[in-house]
Amino acid sequence: MRIVITGATGHVGTALLKRLQEARSEEAADLELVGVARRVPEKDAAPYRDVEWHSLDVGDPRDQPALEKAFAGADAVVHLAWLIQPNHERELLRRTNVAGTAHVLAAARAAHIVCASSVGAYSPAPKNQRTKEDWTAGGIRGSLYSVDKAAQEKLLDIFAKENPDVVVSRLRPALTFSAGAGSEVGRYFLGKVLLRLVPRKPRLPLLPLPKELIFQAVHADDVADAYWRVLERRAEGAVNIAAEPVINPNALGWVFNTWRLLPLPLPVLRAAVEVSWRLRLQATDGGWIDMAAGAPIMDTGRAHELLGWTPRRSSLESLTEMLDGLGSGQGRQDERRTGVRRRRTRPATAFAPAAVRWLTYFPSSSMASGSSSGSNVLASVPAPSPTPSLELGMLSPWPAPSEPDSRCSVPEPSSGRSRSTSSRFMSASWIDSSEIHASTRAAEP
């Protein structure tokens with residue numbers, strides 16, 4: 001099978017190449033791999049070796065002949081190319097994301113087209129229900145990313161209608177994390193300055209968050225495995241991809257070693273993010289807050305039934321792994337892809353002002369011995385115990401999806417594995433509560 005991958009050097013593209021190389025070596029899959037990227041990587045570095053490379057810009061109409069040449073003889077095309085930054089340049093984003101998808105569909109002559117959609121393509125949905133693939137993919141107004149993903153979905157609908165003999169697949173993954181892309185994710189959403197302020201083990205004694213901040217996550221390797229299963233089985237249509245448990249403010253408080261959660265109105269957070277983005281203090285525009293608050297909680301049953309897919313890592317493990325990579329500056333360095341060496345980032349604490357270091361490293365035990373005034377406003381974050389206290393002060397209880405999605409839950413850790421390692425994120429039984437998310441699977445320790 002000749003597989004052409006656009007955006008093959010990106011976060012998910014690299015994970016997919018790794019998975020396809022494994023299929024070659026471990027499953028004896030007869031695969032011919034072709035990578036399309038703006039910059040050709042170092043061809044001797046794993047997983048970029050034994051791949052035919054083409055350097056072009058899918059959004060540039062002048063590269064259309066080169067794109068058609070790269071697609072020649074392909075049995076399947078996986079379209080992953082997408083631009084998140086610079087999000088101050090709206091036309092550039094739309095050219096790459098929407099026009100680029102149109103160029104890929106026009107050039108493709110393969111019998112199978114697989115496109116990277118997203119949870120962000122969906123129209124807003126209640127957080128207290130599981131949303132299946134038939135939910136409207138109309139996007140969320142205010143989010144450039146979501147609007148472009150919805151436009152991409154419309155292009156796929158038109159293409160599928162006009163080409164009934166072509167199998168058109170689209171994966172809609174949740175937020176996708178991994179340690180290897182920590183620095184990349186940081187540059188996308190924080191910018192180069194704030195990225196240097198992130199410590200390896202973040203500790204935020206006070207964490208202001210809106211109650212609407214409820215979302216899903218998945219590991220890049222699990223997303224890559226889903227792509228391979230779609231290719232191998234020629235699965236058609238849309239497929240939701242996400243790991244358990246659903247992440248809410250309580251979970252984030254534990255991940256960030258928070259002592260107390262501070263209720264924060266969503267409009268306040270949205271305004272702060274938008275203003276700081278417009279002032280170019282950080283890289284995330286307010287539309288990402290709109291998308292986080294409005295994006296649905298996906299039902300992943302079709303991934304299990306159609307693909308036999310089950311994530312190997314929980315959402316919390318994926319998030320924590322990414323934060324570890326973010327704080328340590330870990331990531332696929334540019335020189336590994338292009339041969340150009342760049343100066344490595346110094347430890348974050350070397351740049352952090354005293355206030356930032358205090359916020360991120362202040363011991364919880366020291367604060368716990370202080371005054372408890374204001375407890376009616378601030379809410380203690382429960383420890384990871386099977387029966388946590390979920391009293392969150394002024395925050396109302398979080399809605400609960402109606403049906404658990406245990407079909408795609410991460411397998412329980414073996415009894416011999418230490419709870420001090422990543423297995424504590426795989427079980428995550430303390431988050432399983434009807435007051436937060438009935439969908440979260442409680443695993444025995």
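I take a contact to mean heavy atoms within 4.5 Å. With that, I went through this predicted model.

**Entry: overall fold.** I looked at contacts in the protein chain between residues at least 6 apart in sequence; 80% of them join residues at least 24 apart. I then listed the secondary structure and found 16 helices and 14 strands. Burial came next: 55% of the 445 residues in the protein chain are buried.

**Entry: nonpolar cores.** The largest nonpolar core holds 39 residues. I asked which members touch the most others, and got Ile-5, Leu-20, Val-78, Tyr-227 and Ile-241. Elements giving two or more residues to this core include β1 (2-6), α1 (11-26), β11 (237-241) and α11 (301-307). The largest share, eight residues, comes from α7. Leaving out residues up to four places away in sequence, Leu-20 touches Ile-3, Ile-5, Leu-31, Leu-33, Trp-228 and Leu-231. Another core lies apart from this one; it has 22 residues, including Val-36, Ala-70, Ala-81 and Val-104.

**Entry: surface patch.** I turned to the outside. Val-275, Leu-279 and Leu-281 make a nonpolar surface patch of about 300 Å². I located Leu-279 in the loop between α9 (266-278) and α10 (287-294). Is Leu-279 buried or exposed? Exposed counts as over 50% relative accessible area. Leu-279 is exposed because its relative accessibility is 56%.

Technical notes:
Residues numbered from 1 in each chain as written. Predicted model: local features only at pLDDT ≥ 70, side-chain atom pairs only at ≥ 80, totals over all residues. Heavy atoms only, no water. Helix = DSSP H or I, 4+ residues; strand = E, 2+ residues; numbered from the N terminus. Buried < 20%, exposed > 50% of the residue type's maximum accessible area, 1.4 Å probe, protein only. Core = buried A, V, L, I, M, F, W, Y, C linked by side-chain atoms within 4.5 Å. Patch = residues over 30% accessible without salt bridge, like charges linked within 9 Å, V, L, I, M, F, W, Y side chains within 5 Å. Areas by Shrake-Rupley, 256 points an atom, 1.4 Å probe, with all protein chains shown as cover. Salt bridge = Lys/Arg side-chain N within 4 Å of Asp/Glu carboxyl O.
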